[in-house]
Amino acid sequence: MTGMIPFPDIAPEIFSITLFDREFALRWYALAYIAGIIIGWRLAVMTVKSPRLWPNNTPVMTPAQIEDMLTWLILGVLLGGRLGYVVFYQPQVYLQDPLSILAIWNGGMAFHGGLLGVIIAAWAYTRSKGLNRFSVGDLIVLGVPPGLLLGRFANFINAELWGRPSEVPWAVAFPGQAAQYCPDIVGICARHPSQLYEAALEGVVLLILLLWMVWRRGAFRKPGLVCGTFLAGYGLARFVVEFVRQPDAQFISQGNPLGLALHVGGYGLTMGQILSLPMIGIGLWLILRAQSRGAAQPA
């Protein structure tokens, strides 16, 4: 193949230490979660300290309430992301060994499940505090793209969730037997760096769009507009990248070589695309709702 880029030699572990005969390691993926949460938290605090961004110049939350809600959201991300992966992608495997569900250090987190966990946690918190859930949703999603950006970088460093075989000049030769298994290719197999595509669309582009909407267009003054834009934007970005992303191994079989989970009108959809369609639909509904209502309404 031409135009191949060798995979960079970056260890998935930043450092490791041994305590009491057990090794503990800090991995890039864990650091991405930690840094993403911190950046999202600081973005949220920054916006509530700018009253002009909010309806009637009144922020929906205080910095103290954001810190209080953060614990709920972290639990929602972890529980939702893990259970989402188990239910959406590998239910048979975990039904055979239920205790392995707890082994999150072995990998296996689903964004769509984590999003659902965050929605449930945010709904419960806003209900207990009597807050406008649409405005709180806007506040939360503003801080999500940095975490997505860092998480996709970590996926790339871990040499996981790579794309389909390709001959584009920037195709990457990912290491590992699974990445190098390309039956139709003789020699080294290079693939789309789909993790970096997602980092650019879900992380950089979506973050710039949301920041512009909030600081330049006053989007927080229309509760639900930022949240809807994020959901529709992420769903669209994920749907598009799925065309060049290698489907998860559990969907690939002899009779289903492309890993297509559903056939609609002769077109195959991957599981990632199926899960993204409701996000796009709900996002568009939130955008239309926010535009029609304008000023903040009780939620």
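Ile 10 is partly exposed, because its relative accessibility is 35% (buried is under 20% relative accessible area, exposed over 50% and partly exposed in between, with a 1.4 Å probe and protein chains only). Ile 10 sits in the loop between strand S1 (5-6) and S2; helices (H or I, at least four residues) and strands (E, at least two) are DSSP runs, numbered from the N terminus. This is a predicted model, where local features need pLDDT of at least 70 and side-chain atom pairs count only at pLDDT 80 or more, while totals for chains, interfaces and linings use all residues. Residues are numbered from 1 along each chain as its sequence is written, and side-chain values use heavy atoms, with hydrogens and water left out.

Together with Ile 14, Phe 15, Ile 17, Trp 28, Leu 31, Ile 34 and Ile 38, Ile 10 forms a nonpolar surface patch with about 640 Å² of accessible area in total. Strand S2 (13-19) and helix H1 (28-48) are the elements that give two or more residues to this patch, and H1 provides the largest share, four residues. As for terms, patch residues have over 30% relative accessible area and no salt bridge, with like charges joined within 9 Å and nonpolar side chains (Val, Leu, Ile, Met, Phe, Trp, Tyr) within 5 Å. A salt bridge puts a side-chain nitrogen of Lys or Arg within 4 Å of a carboxyl oxygen of Asp or Glu. The areas come from the Shrake-Rupley method with a 1.4 Å probe, and for residues only the protein chains shown count as cover.

## Leu 150 on H6

Leu 150 belongs to helix H6 (residues 144-157) and counts as partly exposed, at 25% relative accessibility. Leaving out residues up to four places away in sequence, Leu 150 touches Ala 32, Ala 35, Gly 36 and Ile 39 (contact means heavy atoms within 4.5 Å). Leu 150 and Ala 32 are 118 residues apart in sequence, yet 5.1 Å apart in space, C-alpha to C-alpha.

## Val 226 on H8

Val 226, in helix H8 (residues 225-241), is buried because its relative accessible area is 0%. Its contacts, not counting residues up to four places away in sequence, are Asp 138, Val 141, Leu 210, Met 213, Val 214, Ala 219 and Phe 220.

## Two positive phi values

Most residues other than glycine have a negative phi. Asn 56, in the loop between H1 and helix H2 (63-88), has a positive phi near 60 degrees and is exposed at 70% relative accessible area. Leu 161 has a positive phi of about 55 degrees and lies in the loop between H6 and strand S4 (172-173).
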